[in-house]
Amino acid sequence: MKIASWNVNSLKVRLPHLQQWLAEAQPDIVALQETKTVDEKFPVDEIAAMGYRAVFSGQKTYNGVAILARDEPVDAVTDIEGLDDPQRRILAATVGDIRVVNLYVVNGKALGDEKYAYKLHWLAKVRDFLAEEIARHPKLVVLGDFNICRDDRDVYDPVAWGEDIFCSPPERAALQALLDVGLHDSFRLFTEDAGLFSWWDYRQAAFRRNMGLRIDLILISDALKSVATSSIIDKAPRKWEQPSDHAPVALELNL
DNA sequence: ATGGTGGGTGTCCCA
């Protein structure tokens, strides 16, 4: 069983990349972020032709999340208690006996910005939602673009970056609060290395210089931790023509 | 401190 996450930065533009990557990586479940596609225009037929069912929650121009799976995703949730939010950033669904929560965490822009306050409020509400989800679903995976670096190993130049956006103590505490409901950062079950990133800015040849951040995470509950066999970042699609600025991340389970 | 690049939209917003 392989479960993946990829911020595609426009599904319309990246559909050929997604198709190529699905064919090569053969994931069973994929969470997508920044589809930037209204539901009426979601490429259901193209996805079905690849052998995947899809649930999605999109909007015009911004945000948008989707879950693709070999088996039909059911019991989808797009809105959570306490967040009356027009931004389409959350999608939970059940595939088999695994509960999948796909998150496109608020970017936050800069410390002190109103978007930063919104990010922290949003994360607090998501924490409460996850506490309920894990109580109902022992096999829980929470994955997506978290827009937070857990620690300095996840930042290309932690001294220069300091405690700026993505690395501020309140953001890191908010991420830790998600983990504290009973989740594990699956990537860190397999490596303690620094300098392994999932996002690189389009500017300044950042990818070539490995000036990146690890902000795309796959968090798993105890029941899935016990059967996890690998958790990797697949840098290959970031090298393709007209790439997303994010690489896909993928978890393998012995299920 | 700024601006570099990219996507979607529309002559700017967001990342």
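## Ile47 in helix H2

Ile47 lies in helix H2, a DSSP run (helices, H or I, have at least four residues, strands, E, at least two, and numbering starts at the N terminus). At 1% relative accessibility, Ile47 counts as buried; the term means under 20% relative accessible area, with exposed over 50% and partly exposed in between (1.4 Å probe, protein chains only). Ile47 touches Leu15, Leu18, Phe42, Tyr52, Ala54 and Leu68, leaving out residues up to four places away in sequence. Contact here means heavy atoms within 4.5 Å. Ile47 and Leu11 are 36 residues apart in sequence, and their C-alpha atoms are 11 Å apart in space.

This is a predicted model, in which local features need pLDDT of at least 70 and side-chain atom pairs count only at pLDDT 80 or more, while totals for chains, interfaces and linings use all residues. Residues are numbered from 1 along each chain as its sequence is written, chains are lettered from A and ligands numbered from 1 in the order in which they are written, and side-chain values use heavy atoms, with hydrogens and water left out.

## The mixed sheet

6 strands form an open sheet with mixed pairing, in the order S5-S6-S7-S8-S12-S9. Two strands pair if DSSP finds at least two bridges between them. Strand S5 (74-77) and strand S9 (183-185) are the edges, each pairing on one side only. The twist averages 20° from one strand to the next. Axes are lines fitted to C-alpha atoms, for helices over the stretch in contact, and angles run from 0 to 180 degrees between N-to-C directions.

S5 pairs with strand S6 (residues 90-95) in the antiparallel sense over 2 bridges. Val74 stands opposite Thr94 in S6. Helix H3 (residues 114-136) packs on the sheet, touching S5, S6, strand S7 (98-104), strand S8 (140-145), S9 and strand S12 (216-221). The direction of H3 makes about 175° with that of S7. Helix H5 (residues 169-179) also packs on the sheet and touches S9 and S12. Its direction makes about 125° with that of S9.

## Annotated binding site

An unreviewed UniProt entry annotates Asn7, Glu34, Asp145, Asn147, Asp245 and His246 as "binding site". These residues are spread over 240 residues of sequence but cluster in space, with a largest C-alpha distance of 12.9 Å. Of these, Glu34, Asp145, Asn147, Asp245 and His246 are in the lining of the largest pocket. UniProt positions follow the numbering used here, feature names are shortened, and annotations may be inferred rather than shown by experiment. On a 1 Å grid over the protein atoms alone, a pocket is an open set of points where a 1.4 Å probe fits, with protein on both sides within 12 Å along at least five of seven lines; lining residues have an atom within 4 Å of a point.

Asp245 is in the loop between strand S13 (228-233) and strand S14 (249-253). Asp245 is buried, at 12% relative accessible area. Beyond four places in sequence, its contacts include Asn9, Trp200 and Tyr202.

His246 lies in the loop between S13 and S14. His246 is buried, at 4% relative accessibility. The side chains of His246 and Asp216 are joined by a polar contact of 2.8 Å. Such a contact is a pair of N or O atoms within 3.5 Å; within protein, one must be able to donate a hydrogen and the other to accept it, and residues adjacent in sequence count only if both atoms are side-chain atoms.
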